[in-house]
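Have the viewer open as you read.

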Amino acid sequence: MNWTDERLTTALRDLDVPAPDDGFWTQLGAAMRATELAVVPRADPTEVDVHPLLEHRASTLRGRRPRHALLAVAASVAALVAGVVLLARSGADDPAANGPVHLAITNPHAITLDALPRAAPPPAPLPGGYFVLDHGSLPSGWAVADEEGLVMNAEPDGHYTYRATLTAAGNEHSLWVGNLPWPDDPRGEAVEINGHDGYLDQGSIMWRLDDSLSATIGPIDRDIAVGLASALAFIRVDAMPTKEILPTDVPPMSDPVLSGRLNGVHWSLFLTDLTTTGGWLYIGRDLGTGVERDTSPGAAPDVSATGVPGYGAVVWGSLPLRVRSVRVLLADGSDMTVPIARTDDAVYFAVPVPPGLAVDGFEFLSESGEPIARGDMPELPASFGGSTPIEWQPA
Amino acid sequence: MNVERGIEPHFVPLIDDAPPGAQASRADPARAAEFEALLREHDRSVRFVATRIVGGDVDDVLQAAYLKAFRRWSTFRGEAAFGTWLHTIVYRTAIDHVRTTRRRALLHVRSAARDTALSTDEAVGDRLAVEAALARLSVAQRAAVLLVDAQGMSYDEAAVVLGVASGTIASRVHRAHLAMRETLERGST
């Protein structure tokens, strides 16, 4: 009997649902009653309100090195970037020549720093290079569909991973190699892979490669897991393989709240939950990444840098409502204010940082323009994508 | 089950950053009971999907997601159905769990394939085989096919839950069908 859509759907609908553990509801009820709530008057449904910045004040808050070249920067930005307005050069004594340049982007859908000069050296690769799959070790019938390097948490607590999609007989299997901590209590059947500890769980196998690195494959049939893991070899290379992304001007979904270009590629930020509880960032069309953004009243700010090898990173996140603008602090002393997206619950922002643009960090400003907090630009290792959190540092 | 392991419920201070008019308060027991009743209505549906994303950690993930939903309940304005809203929070929490415990949670596969051949009940055999085929899909494809085929959501509703375009849902469901059919038919020969 063939697997028709009807037979498939019927079987899917008939799948079991496990009962909750004993005490699940009792414990949940107790936790809910103990939870502090923000009681917020219910409001009528409203559209997300995007507020482009309309004004910007010249500021000399930070003592910065004067840079004549900044005038040229400003000119090139004004000429090349739609929606960018040169607003002020600060420095009361000699405003024409020496003051740092303050720029603002006012169009929430033309946020790009691509036109700024890029003088920063490329980020250094990790010492010792990267451990990646030796394609030649794949058994017959297996292939690599794509592979990339991902950072999940940059230094000092760095977790770096090589990810590859392996294909065989039309099925996809994910391979991960990285320095994530080895679990204290691994689940599954203990196995030995090339003299190292390994564990075969239902649907996945993980094994150590050395003291700091381990590998995981899943999903994988139990019958072939040990043989495959034993056959795979890994090599050290100078740079992670990069994943191609499709440059496009067509957003992957309609109505991004913020968008622009990153190193020539379109990026866009969406609020994907009708109750504005989350954001989803796309760089290009195919590479999307979303992170749960807890925007419940009182939630902590959540800022991270999401990078694509070769294209740079977008620093983005959700912020408290009292943040009214975000200022990008460039290493050469100038700064750039970018538009924000404001909802009932939170403020969202996104700043594309192309490769080679020297950014020191970000300031999150109050309505009066005073810094509420600051975040430092992380040093993302060369040839890595992925995301790394940015610490919210109250002023 | 213990909420202190697995995913830690994320309690947040409310003094700063609350919107105008917001006040911090302990949850009213009646309000908690009302929300729990809503959760019980929808638990089977969200548990159905979440189990197949996080496997044996489902109770911990649901505890964390339900508490998150409870804290946000005052901001739920009804643009989406409550079930869709809850599915969204549970799915995001499950995905976060998979990311943070990737090593263990790559997949939680039930080794049902061999059992299929032993089963004399065709419906039971189908379920076991489908369970095994589901486990071979990517999490994104699995979630799409469970929401659309098993839960009966429209592509638009599933798109809201998974945070992608409707067309992406259609594509994922189509690919999932192809992959599952290939697995199932190969397994039955």
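Gly307(A) sits opposite Gly386(A), a residue of strand E26(A). Keep in mind throughout that this is a predicted model. As for E26 (residues 385-390) of chain A, 5 of its 6 residues are buried, so the strand is largely enclosed by the rest of the structure.

**A hairpin in chain A**

Strand E14 (residues 258-262) of chain A has 4 of its 5 residues buried, so the rest of the structure largely encloses E14(A). Its partner is strand E15 (residues 265-271) of chain A; the two run antiparallel and are joined by 5 bridges. Between the strands of this hairpin there are 2 residues, and Asn263(A) takes a positive phi near 50 degrees.

Now zoom in on Arg261(A), which lies in E14(A). Which residue of E15(A) is the bridge partner of Arg261(A)? That would be His266(A).

Zooming out, here is how the chains look on a few like-for-like items.

| Item | Chain | Value |
|---|---|---|
| Helices and strands | A | 4 helices, 27 strands |
| Helices and strands | B | 9 helices, 1 strand |
| Buried residues | A | 54% of 395 residues |
| Buried residues | B | 59% of 189 residues |
| Contacts with a separation of 6 or more that join residues 24 or more positions apart | A | 59% |
| Contacts between residues at least 6 apart that join residues at least 24 apart | B | 66% |

In what order do the elements of chain B run from the N terminus? They go β-α-α-α-α-α-α-α-α-α.

**Two helices of chain B**

Start with helix H1 (residues 29-54) of chain B and helix H2 (residues 58-72) of chain B: their axes come within 9 Å and cross at roughly 140 degrees. With that angle, H1(B) counts as oblique to H2(B). The crossing of H1(B) past H2(B) is right-handed.

What does the contact consist of? On the H1(B) side, the residues include Phe35(B), Leu39(B), Val46(B), Ala50(B) and Val54(B), along with Arg31(B), Asp43(B) and Arg47(B). Facing them from H2(B) are, among others, Val58(B), Asp59(B), Leu62(B), Tyr66(B) and Phe70(B). By class, the contact of H1(B) with H2(B) has 12 nonpolar, 1 polar and 4 charged residues.

**Where chain B touches chain A**

Last stop: Thr183(B), found in helix H9 (residues 166-187) of chain B. Thr183(B) counts as buried, because its relative accessibility is 12%. Leaving out residues up to four places away in sequence, which residues does Thr183(B) touch? Two of them are in its own chain, Ala133(B) and Arg136(B), and Asn171(A) comes from the other chain.

Note on methods:
Residues are numbered from 1 along each chain as its sequence is written. Chains are lettered from A and ligands numbered from 1 in the order in which they are written. This is a predicted model: local features need pLDDT of at least 70, side-chain atom pairs count only at pLDDT 80 or more; totals for chains, interfaces and linings use all residues. Side-chain values use heavy atoms; hydrogens and water are left out. Axes are lines fitted to C-alpha atoms, for helices over the stretch in contact, and angles run from 0 to 180 degrees between N-to-C directions. Angles under 35 degrees count as roughly parallel, over 145 as roughly antiparallel, 65 to 115 as roughly perpendicular and the rest as oblique. A crossing is left-handed if the near helix is turned anticlockwise from the far one by less than a right angle, and right-handed if clockwise. Contact means heavy atoms within 4.5 Å. Ala, Val, Leu, Ile, Met, Phe, Trp, Tyr, Cys and Pro count as nonpolar, Asp, Glu, Lys and Arg as charged, and the others, Gly among them, as polar. Buried means under 20% relative accessible area, exposed over 50%, partly exposed in between (1.4 Å probe, protein chains only). Two strands pair if DSSP finds at least two bridges between them.
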